[in-house]
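Work through the exercises below with the model open. Try each task before reading its solution.

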Amino acid sequence: MQWTTHGERQIYTNKWVNLCLVDVEQPDGRRWEHHVVRLRHLAVAAVVNERREILMMWRHRFITDSWAWELPMGLIELDETPEEAAVREVEEETGWRPDSVRPLVYAEPANGITDSQHYVFRADSATYIGPPTEKNESDRIEWVPLDKVRGMVDRREIVSSGSLVGVLYVLMDEAIR
């Protein structure tokens, strides 16, 4: 059953987020305004090396006041492709340059309230080019053995949706190899 959109108005907007009220009609005829958060899309990179380790960052998120491991990720700029954004984010946040990336999986987290699209890529090698240029992204950057990742997820040491989708898909990918 498909909902019908009759219009939309912005309540708040800036370069990061748009909060909108969308005039929707449900299949049963009920019509009302639904809050929608429109976000810029995200590129995520799962970089795996020849030792079966994945490149991760230990970082604090002030919104939830929590620490967790994350994959390099960031917003896709208007003038770049999702692949270019993934490579750029890995370099800026970790100091490693992926040799090449390939699409791993696509996800729409929380698509009942937001239009955010996550493009997750995999790189099977990277070259260290120097310290990260983004100084405020993480406390530590480490190559984590893939056989430790499932336990980290279970202990809630990896919680961000982009990171979860990426690491779990890498584990599935590795299992069928």
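Helices (H or I, at least four residues) and strands (E, at least two) are DSSP runs, numbered from the N terminus. This is a predicted model: local features need pLDDT of at least 70, side-chain atom pairs count only at pLDDT 80 or more, and totals for chains, interfaces and linings use all residues. Residues are numbered from 1 along each chain as its sequence is written, and side-chain values use heavy atoms, without hydrogens and water.

**Exercise 1. Locate the residues with positive phi that are not glycine.**

Step 1. Ala110 has a positive phi of about 60 degrees. Ala110 sits in the loop between β9 (102-107) and β10 (118-123).

Step 2. Arg156 also has a positive phi of about 60 degrees. The loop between α2 and α3 holds Arg156.

**Exercise 2. Describe how α2 packs on α3.**

Step 1. Take the angle and the distance. Helix α2 (residues 146-154) and helix α3 (residues 161-175) pack at about 135 degrees, with axes 10 Å apart. Axes are lines fitted to C-alpha atoms, for helices over the stretch in contact, and angles run from 0 to 180 degrees between N-to-C directions.

Step 2. Classify the angle. Under 35 degrees is roughly parallel, over 145 roughly antiparallel, 65 to 115 roughly perpendicular and the rest oblique. α2 and α3 are therefore oblique to each other.

Step 3. List the contact (heavy atoms within 4.5 Å). α2 contributes Leu146, Val149, Arg150 and Val153; α3 contributes Leu164, Val167, Leu168, Val170, Leu171 and Glu174.
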